[in-house]
Amino acid sequence: MPDRLKRRSPLGSGLIVLAGLAGAAIALYLFLTPLSGVTGTIGALIVLAASLAVALGGLLMMATGSAVWRWLTVLGILGTALAAFFLHGWWIMLAMLVALVGVVLAGIGPVRKTQGATA
């Protein structure tokens, strides 16, 4: 059965999207807030863009159900967490941990079969 006919529950993918958006909001706060230690740095902007890419990966996982997007999203989550570690963005690292939980839920969640015409 092709992947496009099997969809997993959107719970895990939705969690990834929310965690990515939370990470982006925290990175934006760190970028804009004076005396945060990373105010106006390119590193904070990179983490902001990477967090938005993680959220986009969650949306693509939800839309397609493809395992390729799952693995690319995992790589994005790990890279974002590493960059947040270097910026001392502990809350961003926590958001990426939540996103990893979402990846696990997206991988082991129940499969919903879409109805289609059969011949």
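Good morning. I begin with helix H1, which passes H2 in a left-handed crossing. Please bear in mind that the model is predicted.

Two packed helices are described by the angle between their axes and the distance between the axes. For H1, residues 11–32, and H2, the angle is about 165° and the axes lie 8 Å apart. Angles over 145 degrees count as roughly antiparallel, and H1 is therefore roughly antiparallel to H2. On the H1 side, the residues in contact include Gly20, Ala24 and Phe31; on the H2 side, Leu48, Ala55 and Met62 are among them.

Let us turn to the next pair. H2, residues 42–64, packs against helix H3, residues 67–86, at an angle of about 160°, and their axes are 9 Å apart. These two helices are therefore also roughly antiparallel to each other. Their crossing, too, is left-handed. H2 contributes residues including Ala50, Gly57 and Thr64 to this contact, while Trp69, Gly76 and Ala83 are among those from H3.

My last topic is helix H4, residues 90–108.

Which residues of H4 are buried? They are Ile92, Ala95, Met96, Ala99, Gly102, Val103 and Ala106. Viewed down the axis of H4, these buried residues fall within an arc of 105°, and therefore they line one face of the helix. On the face turned away from that buried side, H4 carries the exposed residues Trp91 and Ile108.

Thank you for your attention.

Methods. Residues numbered from 1 in each chain as written. Predicted model: local features only at pLDDT ≥ 70, side-chain atom pairs only at ≥ 80, totals over all residues. Heavy atoms only, no water. Buried < 20%, exposed > 50% of the residue type's maximum accessible area, 1.4 Å probe, protein only. Helix = DSSP H or I, 4+ residues; strand = E, 2+ residues; numbered from the N terminus. Arc of directions from axis to C-beta. Axes fitted to C-alpha atoms, helices over the stretch in contact; angles between N-to-C directions. Parallel < 35°, antiparallel > 145°, perpendicular 65-115°, else oblique. Left-handed = near helix turned anticlockwise from the far one by under 90°. Contact = heavy atoms within 4.5 Å.
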